[in-house]
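Please open the model in your viewer and switch to a cartoon view, with side chains ready to be shown on request. The tour below moves from one selection to the next.

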Amino acid sequence: MFFGEYEHNIDDKGRLIIPSKFRESLGGQFVLTKGLDCCLFVFSMEEWENFESKLKSLPVSDKDARAFTRFFFAGAADCELDRQGRASVPLSLRKYAKITKEVTIIGVSNRLEIWDSQLWENYNDNEDLNYEDIANNMAMLGI
């Protein structure tokens with residue numbers, strides 16, 4: 001399980017240090033892909049296979065299912081850590097997530113999310129996020 005929030009910089013070559021706390025659970029190889037809310041999702045191979053299985057079960061005849069599946073698979077990249085614990089983030093994914101230099105890496109249960117630090121701050125400062133309303137909606141989902 002991943003949790004916590006860490007700030008790092010991405011270097012000029014697109015390499016990002018993955019916090020040591022996450023490295024063991026993430027494994028030597030993992031998948032980096034577009035995420036929702038303009039961030040990147042990072043899945044261990046095991047979690048990616050679980051996610052992939054769910055996406056493959058969606059009906060190909062459904063337009064939204066096709067779009068959702070394309071979104072995640074077209075942006076996906078196999079990654080591995082170098083000796084310094086860095087991962088190379090492809091330019092296309094950096095552009096998608098508007099990542100320039102400072103990033104925030106957060107643990108979200110079964111995945112990591114990589115955010116441009118300013119976008120993460122803006123997300124958290126969003127006055128439209130009412131956590132009481134969100135909690136009520138989650139209660140309707142059985143949480």
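What follows is a walk through a predicted model, taking the sheet, then the helices across it, and then the nonpolar cores.

Begin by selecting the strands of the open six-stranded sheet, whose order is S1-S7-S8-S4-S3-S5 and whose pairing is antiparallel. Colour strand S1 (2-9) and S5 separately, because these stand at the edges with a single partner strand each, so that one side of each is left without a neighbour in the sheet. If you look along the sheet, the twist from one strand to the next averages 25°.

Helix H2 (residues 45-56) lies across S3 and S4 and runs at about 110° to S4, while helix H5 (residues 117-125) lies across S1, S7 and S8, running at about 100° to S8.

Then show the side chains of Leu 32, Leu 40, Leu 112 and Ile 114, which have the most contacts inside the largest nonpolar core, a set of 21 residues. Among the elements that give two or more residues to this core are helix H1 (20-26), strand S5 (77-80) and strand S7 (102-109). A second, separate core has 11 residues, including Val 31, Cys 39, Phe 51 and Leu 55.

Finally, centre on Leu 40: which residues does Leu 40 touch, leaving aside those up to four places away in sequence? They include Leu 32, Val 89, Leu 93, Tyr 96, Ile 99, Leu 112 and Ile 114.

Conventions:
Residues are numbered from 1 along each chain as its sequence is written. This is a predicted model: local features need pLDDT of at least 70, side-chain atom pairs count only at pLDDT 80 or more; totals for chains, interfaces and linings use all residues. Side-chain values use heavy atoms; hydrogens and water are left out. A nonpolar core is a set of buried Ala, Val, Leu, Ile, Met, Phe, Trp, Tyr and Cys residues joined through side-chain atoms within 4.5 Å. Buried means under 20% relative accessible area, exposed over 50%, partly exposed in between (1.4 Å probe, protein chains only). Helices (H or I, at least four residues) and strands (E, at least two) are DSSP runs, numbered from the N terminus. Contact means heavy atoms within 4.5 Å. Two strands pair if DSSP finds at least two bridges between them. Axes are lines fitted to C-alpha atoms, for helices over the stretch in contact, and angles run from 0 to 180 degrees between N-to-C directions.
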